[in-house]
Amino acid sequence: MKKIILTGGGTAGHVTPNIALLPSLKESGFEVHYIGSYNGIEKKLIEDMGIPYYGISSGKLRRYFDVKNFSDPFRVIKGFGEANRILKKINPDIVFSKGGFVTVPVVTAAKKNKIPAIIHESDMTPGLANKLCIPSATKVCCNFKETFDLLPEGKAVLTGTPIRKELFEGSAAKAAEFCGLVKDKPTILVIGGSSGSVVINNIVRESLDDILKNFQVIHLCGKGHLDESLKGKEGYIQFEYISKELRDLFALSDLVISRAGANAICELLALKKPNILIPLSKAASRGDQILNAKSFKKNGFSYVLEEEELSRASLQGAIRDVSAHKAEYIKAMEESEMSDSIGVIMNLINDLTNA
């Protein structure tokens, strides 16, 4: 039986694509192991899947001054030693890394042990952890063609992000019943990211009376961001967070308003959902969401509204535009080269393990 070590952690976005690969890996006969941090979010997610889990020391490498910058390199060195011992013990045929700082020791140790390593970069420009991993990687999976110019020649492969199979199995009828909405009125799903977005929450709620004339709204507003004054408003339902019912909410939705995190927008692309992207501003990030959104706009997948131009009028205009050109957005997404991310990545894994 072939063996694979998956690694990735720090945020759910560095874990869920690995989880999406699990059914195909098992169907292909792989014995799967996982390396993450001692107590990161990935530990519970992976252990709940029944996958053997190994924790290692992990240090964050920061671009700004912090006293931990003096101690964390030693944590990374310790993590390298731990990852090296785990690799020697398991002797995997390949390593697949989804990113996060815990992956740096793992991918580096894989190169030392002459084990092929595939890393996945979600954003258009590689984050710091993946930048450190790239020299040790055999291949780099990407979501954007623009990323190819930033990588060593011959390493980049356009794959998109692995999407959980269950997201394609939603029921619009179940969503309507769960939300107390009707099935025959267009529905907008608003997603502000895992922790919510105050900017998006505010503009959607300010615009509700206009939006509800033609649409129903399902609003995932983030923990602590419910507006009690809007409870019971006809055609509007809000949740702090949704997990297993998300697939049903997608099935009911005709249009999605979302941040432009790489995993989120790849889900929209895979599900062929017309969308309005409102990327996190450069003032609040390294600007990766802006670049992601611009690429999706260029390819005809998305309508983009930057925070600086966000208003009731601009949001209403965006909704009208996407609604009027819905078929064109769907056609562009159907023609995308990233329609089978899991298949492309599995071919890559099998090619490298059979070499």
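Four aromatic pairs are counted in the structure, where rings of Phe, Tyr and Trp (its six-membered ring) pair if their centres lie within 6.5 Å, and planes under 30 degrees apart count as stacked, over 60 as edge-to-face and the rest as tilted. The rings of F178 and F239 have centres 5.4 Å apart and planes at 15 degrees, so this pair is stacked. Because F178 belongs to helix α6 (residues 172-179) and F239 to strand β10 (residues 236-239), the pair ties together parts that are 61 residues apart in sequence; helices (H or I, at least four residues) and strands (E, at least two) are DSSP runs, numbered from the N terminus. The model is predicted, with pLDDT of at least 70 needed for local features and 80 or more for side-chain atom pairs to count, whereas totals for chains, interfaces and linings use all residues. Residues are numbered from 1 along each chain as its sequence is written, and side-chain values use heavy atoms, with hydrogens and water left out.

With a relative accessible area of 39%, F178 is partly exposed, while F239, at 16% relative accessibility, counts as buried (buried means under 20% relative accessible area, exposed over 50%, and partly exposed in between, with a 1.4 Å probe and protein chains only). F296 and F301 form an edge-to-face aromatic pair, at 5.2 Å centre to centre and with 85 degrees between the planes. Both F296 and F301 are buried, and together with F144 these residues form one aromatic cluster.

Strand β10, which holds F239, is part of an open sheet of six strands in the order β10-β9-β8-β11-β12-β13, with parallel pairing; two strands pair if DSSP finds at least two bridges between them. The edge strands, β10 and β13 (303-304), each pair on one side only. Within this sheet, strand β8 (residues 187-191) and strand β11 (residues 255-258) run parallel and are joined by four bridges, and the bridge partner of I188 in β11 is L255.

The second largest pocket has a volume of about 210 Å³. On a 1 Å grid over the protein atoms alone, a pocket is an open set of points where a 1.4 Å probe fits, with protein on both sides within 12 Å along at least five of seven lines, and lining residues have an atom within 4 Å of a point; grid points are joined across faces, edges and corners, and a volume is the space filled by probe spheres set on the points. Of the 13 residues that line this pocket, K145, L158, N299, F301 and M338 are the closest to its centre. Helix α11 (residues 288-298) gives the most to the lining, with three residues.
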